[in-house]
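This report covers side-chain packing in one protein chain.

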Amino acid sequence: MRRRLYWLGIPLGAMLLTAVWAQAARRPPPAILDLGPLSSSVEPGEELPGGGATVTDTGRNAFGRTPPNMDRSRWPEFHLGKRVFDRDWSDPYHLPGLGPLYSAASCMTCHVKDGKGRPPASPTEPVVSLAFQLGSASGPGPHPVYGEQLDLHQLGQARGEGTVEVSYDELPGEFATGEPYSLLRPRYHFKDLAHGPLGEGTPFSPRVAPANFGLGLLEAIPEAALLALEDPDDRDGDGISGRANQVMDVSEGHTRMGRFGWKANQPTLLQQVTHALVADMGLTTPIYPRAQEPRGTPVAATGPDVKDYDLERLVFYTRLLAVPKRRNWEAPDVLRGKAVFRALGCAACHVDRAFETAEVSGFPELSKQRIQPYTDLLLHDMGEGLADGRPDGLATGREWRTPPLWGIGLTATVSGHTRFLHDGRARNVEEAVLWHGGEADAARERYTRLRREDREALLAFLGSL
């Protein structure tokens, strides 16, 4: 019976979650939470979340701009990096680089306009910017047959390692004020697997492609400033116990604090980029010299697929993508929403303090900037509802890195959708809030009890970021 449920994509934990939702739906609504005359004021410079690396463009290309504090002499290198980012590696001119197994043929395929990806809109739509990372049912490590990631394509073949259909169950809910809402819980059905079933109990983690801008600034935040926010034992008793992921720096050969990826599983931007190249496109570099190979078909090593100068340009480009300026930061409803954000406890993880970046050698654009990304880059337990069951470094199957909120209000403009969370299940920002659990459960519960005006104010604030 358990095997049958697993392959239908309905883990037992999800069935229990459904029962909890059903029980909650039968309870009388909780008391409405009146926050009273909360207020906040405009803070100097808060409209420039990337400091001097903030761009005023708030249109379709807002996530792909050069920082205004970059000297014009560096523009050509930036645009050469953009060409590598957009390159179709399936073009015969670049063969035999791509693959043999891959999920996409270019960076731009998943990060359109440097924005975030989304899950398929229907069970029949192909999976494009949603990757499935795999684990082993017997312990830490990759899947014994399919490796670290299920690759949906194979060079020169009609299909790759398999396909995935995504469908959803609708979970109803109700605010304390009586308005209904619903959430979507995803189901994943693995089909046409080339080497047989994944196996009962195999952990898998669906992850949409995140937005690319501001990464160089996040890397420039001093590690000490982030570690000072850790509270793994919840010494202050606020229910929040963030901790840093510690992962291997492949280039240096020792562990470092993770910053990038949904579970902070990459310590540097260089490693984030090179791992994406090899995992998503099968493109090797000196850091990752071997790509995943089809089972039983060893592929001879031919040297790095990505030349040093192309890798340098690509990392230069991703490091310097500017952060978009905020909109309506002085509006009364936005200022009220900022106060609500703090009152609910959202700022415990999405910290609203400003960081000053360190001196970055060779990158004056990123150095000594006052930035406000609304993240602590730490791991937090987000509850069973969002758990993927797949450990990643020190991160458990329930822990996720706090994603930055800067630019979130421009997602629809740039990416053409409003899908959020690691697997894109949330159809809008409000649904993303309502999926929060674990350490964020108290903040989520308070949100459901707010007056409608305060809920709308909070969403207006988030939309201004």
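Leu314 has a relative accessibility of 2% and counts as buried, where buried means under 20% relative accessible area, exposed over 50% and partly exposed in between (1.4 Å probe, protein chains only). The model is predicted: local features need pLDDT of at least 70 and side-chain atom pairs count only at pLDDT 80 or more, while totals for chains, interfaces and linings use all residues. Residues are numbered from 1 along each chain as its sequence is written, and side-chain values use heavy atoms, with hydrogens and water left out.

Leu314 lies in helix 8 (residues 308–320); helices (H or I, at least four residues) and strands (E, at least two) are DSSP runs, numbered from the N terminus. Leaving aside neighbours within four places in sequence, Leu314 is in contact with Gly81, Val84, Phe85, Val273 and Leu277, contact meaning heavy atoms within 4.5 Å. Its C-alpha atom is separated by 36 Å from that of Ala137, 177 residues away along the chain.

Lys338, in helix 9, is also buried, with a relative accessible area of 2%. With neighbours within four places in sequence left aside, the contacts of Lys338 are Ser40, Ser41, Val42, Glu43, Glu46 and Phe461.

The largest nonpolar core has 49 residues, and Phe132, Leu150, Phe190 and Phe341 have the most contacts inside it. A nonpolar core is a set of buried Ala, Val, Leu, Ile, Met, Phe, Trp, Tyr and Cys residues joined through side-chain atoms within 4.5 Å. Two or more residues each come from strand 3 (130–134), strand 6 (163–174), strand 7, strand 8, helix 9, helix 11 and helix 13. Helix 11 gives the largest share, five residues. Phe341 is in contact with Cys346, Ala347, His350, Tyr374, Leu405, Leu458, Phe461 and Leu462, leaving aside its neighbours within four places in sequence. A second, separate core of 48 residues includes Tyr102, Leu218, Leu269 and Val306.

The structure holds 14 aromatic pairs. Rings of Phe, Tyr and Trp (its six-membered ring) pair if their centres lie within 6.5 Å; planes under 30 degrees apart count as stacked, over 60 as edge-to-face and the rest as tilted. Two of the pairs are listed here.

| Pair | Centre distance | Plane angle | Geometry |
|---|---|---|---|
| Tyr188 and Phe204 | 5.9 Å | 85° | edge-to-face |
| Phe190 and Phe204 | 4.9 Å | 85° | edge-to-face |

Tyr188 is in strand 7 (residues 180–191) and Phe204 in strand 8 (residues 204–208), so their pair ties together parts 16 residues apart in sequence. Phe190, in strand 7, and Phe204, in strand 8, are 14 residues apart. Tyr188 is buried at 8% relative accessibility, Phe190 is buried at 8% and Phe204 is buried at 18%. Phe132, Tyr188, Phe190 and Phe204 form one aromatic cluster.

A charge sits over a ring if NZ of Lys or CZ of Arg is within 6 Å of the ring centre and within 35 degrees of the ring normal. The charged end of Arg319 is placed in this way over the ring of Phe363, 5.2 Å from its centre. Arg425 lies over the face of Trp435, 4.4 Å from the ring centre.

In helix 12 (residues 441–448) the buried residues are Ala443, Arg444, Tyr447 and Thr448. Down the helix axis, the buried residues of helix 12 fall within an arc of 140°, so they line one face; the arc is that of the directions from the helix axis to the C-beta atoms. Their cover includes strand 7, helix 9 (332–344), helix 11 (429–435) and helix 13 (452–464).
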